[in-house]
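I opened this entry to keep track of what I looked up. The notes go from single residues to the whole chain.

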Amino acid sequence: MLLNATPIAQAAPTAADATMVATDGAVSVYLTINNPTMYDIYVMSAASEAAGKVELYSGDKPVEHMTVAAYGSLTLKTGGMSLRLSDLKRSLKAGENVAITLVTDGGIQIV
């Protein structure tokens, strides 16, 4: 017997609670990445129209990826994981919203 099953849509990863802090000619970004999926996700890169370069950091060192556990979250914070915007295309003002797109190893974009 064949059943016509409709796949259940799975919620997509999201980012929330972002803050920016200016540091040494660059801007550090802290936020929380939420992963409601049943698989770990790996954030491999990030981009922003406000910066020529966005790097993934752990402490004071660049890293190749950030892992967000299945059904979990990753909080980027001072002294831990963060995003670093450099080669700024313009001055950023306090309280300004800046769009940043995170990209996972599966090509999922988290805006």
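I began with Asp87, which counts as exposed at 54% relative accessibility. For this term I used these cut-offs: buried is under 20% relative accessible area, exposed is over 50%, and partly exposed is in between, with a 1.4 Å probe and protein chains only. The model is a predicted one, where local features need pLDDT of at least 70, side-chain atom pairs count only at pLDDT 80 or more, and totals for chains, interfaces and linings use all residues. Residues are numbered from 1 along each chain as its sequence is written, and side-chain values use heavy atoms, with hydrogens and water left out.

I then placed Asp87 in strand β8, residues 81-88. Strands here are DSSP runs of E with at least two residues, helices are runs of H or I with at least four, and both are numbered from the N terminus. Phi of Asp87 is near 50°, a positive value in a residue other than glycine.

I looked up Tyr71 next. Its phi is also positive, near 55°, and Tyr71 is not a glycine. Tyr71 sits in the loop between β6 (66-68) and β7 (72-75). Tyr71 is exposed, with a relative accessible area of 60%.

**Asn35**

Is Asn35 buried or exposed? I found it buried, at 1% relative accessibility. Asn35 belongs to strand β2, residues 26-35. I listed its contacts (heavy atoms within 4.5 Å). Beyond its neighbours within four places in sequence, Asn35 touches Pro13, Asp40, Ile41, Val68, Ala69, Ala70, Tyr71 and Gly72.

One of its polar atoms lies 2.8 Å from the backbone oxygen of Tyr39. Ala15 is 20 residues from Asn35 in sequence, and their C-alpha atoms are 9.0 Å apart.

**The whole chain**

How many helices and strands does the protein have? I noted 0 helices and 10 strands. The C-alpha trace spans about 65 × 25 × 20 Å along its principal axes. Of the 111 residues, 30% count as buried.

Residues 24 or more positions apart account for 61% of them.

Last, I took the charges, counting Lys and Arg as positive and Asp and Glu as negative, without His and the chain ends. The mean positions of the 7 positive and 10 negative charges are 6 Å apart.

Terms used. Charge placed at Lys NZ, Arg CZ, Asp CG, Glu CD. Polar contact = N/O pair within 3.5 Å; in protein donor to acceptor, adjacent residues only side chain to side chain.
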